[in-house]
Amino acid sequence: MEPNFSDYVALIYNRFEAFVQSEASAKTPPYGYEHQEMLVFFMWMQFKKIYEFKAQWRWLKQHPEALTHLGWESVPHRTTLSRRHKAYTRSFRSLLHFWGDQRDVRGSHQPSALERG
């Protein structure tokens, strides 16, 4: 059975929770949960290779079921998507670095792109 949108969203939410906990234990400013839905959405759009905000907005309009998974009542305007993406760039990069530095289930280290050179 092939994973669907809700499977990916559940996985991303799960990993985001681990990221929030690691940031809290590192005594850095905690990431608020208001970031979570937007970060999940932007990750999904990257996965789907939809990079332009107008195209992302159109995708949301064509897939209203995604709003339920993201906990949104309506589709954000494309300029809102653009502003939020710019505001969350640092959080998004931190999240990706965190995931890149994670170990797999067996405990062996998976080197990040920075470590591979």
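Which residues form one aromatic cluster? They are Phe41, Phe42 and Trp72. Keep in mind that you're looking at a predicted model.

**The aromatic residues**
- The structure holds three aromatic pairs.
- One of them joins phenylalanine 41 and phenylalanine 42, whose ring centres sit 5.6 Å apart.
- Their planes are 55 degrees apart, and this pair counts as tilted.
- Phenylalanine 41 has a relative accessible area of 2%, so it's buried, the cut-off being under 20%.
- Phenylalanine 42 is buried too, with a relative accessible area of 2%.

**Glutamine 56**
- You'll find glutamine 56 in helix α3, which covers residues 53–62.
- Leaving out residues up to four places away in sequence, glutamine 56 touches Phe41, Phe42, Met45, Ile50, Tyr51 and Leu81.

**Helix α6**
- Helix α6 takes in residues 89–100, twelve in total.
- From its first C-alpha to its last, α6 reaches 16 Å, close to the 16 Å expected at 1.5 Å a residue.
- Ser91, Phe92, Leu95, Phe98 and Trp99 are the buried residues of α6.
- Look down the axis of α6 and these buried residues fall within an arc of 125 degrees, which means they line one face of the helix.
- Arg90 and Arg93, on the other side of α6, are exposed.

Conventions. Residues numbered from 1 in each chain as written. Predicted model: local features only at pLDDT ≥ 70, side-chain atom pairs only at ≥ 80, totals over all residues. Heavy atoms only, no water. Helix = DSSP H or I, 4+ residues; strand = E, 2+ residues; numbered from the N terminus. Expected span 1.5 Å × (residues − 1). Buried < 20%, exposed > 50% of the residue type's maximum accessible area, 1.4 Å probe, protein only. Arc of directions from axis to C-beta. Contact = heavy atoms within 4.5 Å. Phe/Tyr/Trp six-rings, centres within 6.5 Å; stacked < 30°, edge-to-face > 60°.
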